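Student: Could you walk me through this structure step by step? I am new to it and would like to ask questions as we go.

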Amino acid sequence: MSSPYAEMVPILLMIATFAAMTFAFKLPVSVSLVGAAILGALVAGQGVPLRHLVEGTLGYMDTLLIIATAMVFMRMIQASGLLDTIAHHLITGFESRPASLLVLMMLFAMSAGMITGSSTAAVLTTGAIVAPAFIALGISKNKTGAIIAMAGILGMIAPPVNIPVMIIGGGVDMPYIGFALPLLVLTLPLAVAIVLLLGLKSIRATTIDRSLLPPTYHRQYGWKLYLPLVILVVLIVLERALPSIVPSFGMPLVFMVCALVAPFTGRRMNPLVVARDAIRAALPVMGILAGVGMFLQIMALTGGRGFIVSLLVGLPLGLLYLSIGLSMPLFGAVSAYGSASILGVPFVLALLGTNEIIVASALSLVAAMGDLMPPTALAGLFAAKVVDQPNYTRVLKHCLIPALLTVGVSLGYIATADFWDRFLFWDNRLALYGILLAITAAVAVVILILDRWVIRHRVATGEAQS
Amino acid sequence: MIEREGGYGRGWTAVVLLLMTGAVLLTASHSFLAMRVDPPIYPGPGVTHVVALSDYFEGLIGTPADTAVYILEGSEPGGTALVLGGTHANEPASSLTAITLIENAQVTRGRLIVIPRANHSAFTCTEPQEGYPQTYTIETPAGPREFRYGSRGTNPIDQWPDPVIYVNAAGQSLAGSEVRNLNRSYPGSPSGNLTEQVAYAIVKLIRQEDIDISIDLHEASPEYPVINAIVAHEDALNIAAEAAMFLEFEGMQIGVERSPANLRGLSHREWGDATDTLALLVEAPNPAQGRLRGQTTAKLIVEGIDPYYVRAAQRGLLYVPFSAEGHPIDERVGRHLQTVATLLDVYNSYTNDDIVVAGIPTLSAVLEQGLGAFLAPPSGPESGL
Amino acid sequence: MTIIYQVITASVILLVGWNLFREKRLVEQMATALVLIPLILRVLMIK
């Protein structure tokens, strides 16, 4: 294989095999990925490289544990009644401020992503908590799934913890310093815009039906009910706030501890059966990750990966933007972290000369969109599980416009990097914070006005119906 | 996911699948475990004694991170130099240069201390999803000699799990996986994780042995801006600049970079800050490490030829020239050897505590005769005679 | 911490194994067995 084009053959064949096995033969995605990987290796003259195939799966070891334990935790607090209870109180407490509630719940849904740096963890924890509330507000299951998937992704990118940026930084020796403000400026406006875009119309059209509200178990079990969540927050915050004193527990351990506490805090359940069913729900994704690991390893082995990367980063500047917008989410299908590492690093190098912090921040958000890309679509898939939608493409459909908006905004962020470089790294910090605060206040006022507008509209429809 | 009714899954099919999984695991484990055996290094006539890194920090005794430290002591007293190879086990020119020094160099004045596998644990595994071969061979006159291609970081088996964020001993926040990167862990900590303990032991060695000049050998991917370069702590900047000038005179293109003050945990920063040594790091171009590389094979590691990199160079994406001849391991190791020799020469011109080392092969000699000519035969020096 | 993570991994392996025997579709059983590969290698501290 001396010609670079000859090395295209295995990768093209791998993609074709995968597509055929998944769509024509309706095999599970994971099994199709394994088949494609084996065939790719065979065609490239590597035989069946067992060591490589097995080694590839190990690349997702930590992700597998996070997914498994997060899923168990989520099912446990669902079974204990905690999820229903919180949704109940959120809605009754904010009945007169629906638009504010939307925005606050969006920020709350993001919060787990902000501190864990994982969209899966966010969707399965804070996302799962607010999902019933969104539904009770009159937002459809699928749209609710889309909202919490987007919240998980934006949360993963928002500071203080952004793993994709750290991965990109690791590849270009850029310390994780000075990212908080550029990332906030990038993600928060998007979060507000997206939740209003997806939710405002639905909440305007419905009045809250108290009989459809999820039940509250607060009176029955009292504050004990909230214990798993309290422990989760305490452990994560402690670990993040005092990294040099508190040992790093890691997400799997934190989820495991909280999951073990849950059965003693609320409704009766059989924790073993709950855990077993949680793993059953997580298994398709875990299988896909193992399969993707094999696929990636064979891609690197046969040169398919290098073929794609060198093709993409070598494009002229105009096409480079297009290539970032298309290839990073596409590649993110194998994981947002993988996209950040494999494409994010060369893209930052190709854009050297522009403020690297702005570029890496924007690239991390584009890479994160990969969490919506089938076959893995981690954020979309788990959001679908949270809202009990067996077909995750229905959730993804509603993510399309928000995702396009996000990619567009991110590319715009790179294109206008010189402006942000001057503004966000302005020496006059006082003026900078003043301007940002004024903008935030203005947005808050708009949301408060929206609250009244929604209520008034709702009354009008109510009268029309009567 | 398509839901399909029925299917042929039974208890016995589960058992059969488990047995098959077991067979796959057994085969794969066999090759994973083979990586834990160190290929031999044959100390040359210049080596006066071999100690262990754990002699400097006993916390490493019996751990997979303990590693051999080769001491080459001259008959006359002088200064002391440290050469570190294998900080990153996926940068082969680094550890091969150290091995070539151990097998060839002879010190007449002062001392040369060489650690060929600084992160020993990293030599026992390859990184997942990179498709690396586990070994590569260098042709010697007596036949092919095998070496391991390891990973950038400590084997996760020896240090698990990674934190979400790694805050190193110098206070820098890094991605969690960097917790296993020796060159982000300096100055290390005796109570830290295994990698930090290795870093601590190395810093302690520098202090205890009173090392005057320390050189950390590395390789980088051709698309990475700091390449074919010496990175120097500000105290060592003069020596680096002067050495680079001499090397350029001899026709070897090499740049000098100042160690960034805000990038903490790296050897060229922390060695220089924490000890009195002159801290330097040297980079060579390794296409096998790059993200643009084609087929990942042992041949690529040794010959350094890659058509994708030739095209990338034509498009101006690289920071080193890249022609059809590539960057073979002979050239990369030869560069490192020549750079080490030149740095020592320049250092000697500034001090009375000379470190005089003979027998370091030059770049042109390695290019002419091949690296194998300077390595002991596969089964030891006696067998080749 | 490593031992705690081995215990977590071992519990996930048991739950995955339980599902392997309850699964009624052969292809899904195959996908389940696939997940066991990295988990077992890590719990035995081989890779």
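**Where chains A and C meet**

Tutor: Let us begin with a contact between two helices: S30(A), V31(A) and V34(A) of α2(A) meet V27(C), M30(C), A31(C) and L34(C) of α2(C). Please keep in mind that this is a predicted model.

Student: How do the residues of the contact of α2(A) with α2(C) divide into nonpolar, polar and charged?

Tutor: The residues concerned are S30(A), V31(A) and V34(A) on one side and V27(C), M30(C), A31(C) and L34(C) on the other. Sorted by class, this contact of α2(A) with α2(C) has six nonpolar, one polar and no charged residues.

Student: Is the crossing of α2(A) and α2(C) left-handed or right-handed?

Tutor: Where α2(A) passes α2(C), the crossing is left-handed.

Student: How do α4(A) and α1(C) lie to each other, roughly parallel or roughly perpendicular?

Tutor: Helix α4 of chain A, residues 61-79, and α1(C) have axes that come within 11 Å and cross at roughly 70°. The crossing of α4(A) past α1(C) is left-handed. Given the angle, α4(A) and α1(C) are therefore roughly perpendicular.

Student: Which residues make the contact of α4(A) with α1(C)?

Tutor: By class, this contact has four nonpolar, two polar and no charged residues. From α4(A) come L65(A), A68(A) and T69(A), and from α1(C) come I8(C), T9(C) and V12(C).

Student: Which element gives the largest share of the side of chain C that touches chain A?

Tutor: In total, 23 residues of chain C are in contact with 28 residues of chain A. The elements giving two or more residues to this side of chain C are α1 (2-22) and α2. By class, the side has 17 nonpolar, three polar and three charged residues. The largest share, twelve residues, comes from α2(C).

Student: What does chain B have in the way of helices and strands?

Tutor: Chain B has 385 residues, and 58% of them are buried. Its C-alpha atoms fill a box of roughly 85 × 50 × 45 Å along the principal axes. The count for chain B is ten helices and 13 strands.

Student: What radius of gyration does chain B have?

Tutor: A compact globule with 385 residues would have a radius of gyration near 21 Å. Chain B agrees with that, at 22 Å.

Student: Which elements of chain B each supply at least two residues of the side that touches chain A?

Tutor: This contact takes 37 residues from chain B and 48 residues from chain A. By class, the chain B side has 18 nonpolar, eleven polar and eight charged residues. The elements are α1 (11-34), β7 (165-167), β8 (173-175) and α7 (307-314).

Student: Is A65(B) buried or exposed?

Tutor: A65(B) is found in the loop between β1 (49-52) and β2 (68-73) of chain B. Among the residues it touches are H120(B), D158(B) and L194(B). A residue counts as buried if 20 or more other C-beta atoms lie within 10 Å. A65(B) has 25 of them, so the word for A65(B) is buried.

Student: Where does P161(B) lie?

Tutor: The peptide bond joining W160(B) and P161(B) is cis, with omega about 0°. P161(B) lies in the loop between β6 (143-148) and β7 of chain B.

Student: Is N228(B) buried or exposed?

Tutor: N228(B) is not a glycine, yet its phi is positive, near 45°. Its place is the loop between β9 (213-217) and β10 (229-232) of chain B. With 22 C-beta neighbours inside 10 Å, N228(B) counts as buried.

Key:
Residues are numbered from 1 along each chain as its sequence is written. Chains are lettered from A and ligands numbered from 1 in the order in which they are written. This is a predicted model: local features need pLDDT of at least 70, side-chain atom pairs count only at pLDDT 80 or more; totals for chains, interfaces and linings use all residues. Helices (H or I, at least four residues) and strands (E, at least two) are DSSP runs, numbered from the N terminus. The radius of gyration is taken over C-alpha atoms; the globule rule is 2.2 Å times the number of residues to the power 0.38. A residue is buried if 20 or more other C-beta atoms lie within 10 Å of its own, exposed if 12 or fewer, and partly exposed in between; C-beta atoms are placed from the backbone. A crossing is left-handed if the near helix is turned anticlockwise from the far one by less than a right angle, and right-handed if clockwise. Two residues are in contact if their C-beta atoms, placed from the backbone, lie within 7 Å. Ala, Val, Leu, Ile, Met, Phe, Trp, Tyr, Cys and Pro count as nonpolar, Asp, Glu, Lys and Arg as charged, and the others, Gly among them, as polar. Axes are lines fitted to C-alpha atoms, for helices over the stretch in contact, and angles run from 0 to 180 degrees between N-to-C directions. Angles under 35 degrees count as roughly parallel, over 145 as roughly antiparallel, 65 to 115 as roughly perpendicular and the rest as oblique. Lists of a residue's contacts leave out its neighbours within four places in sequence.
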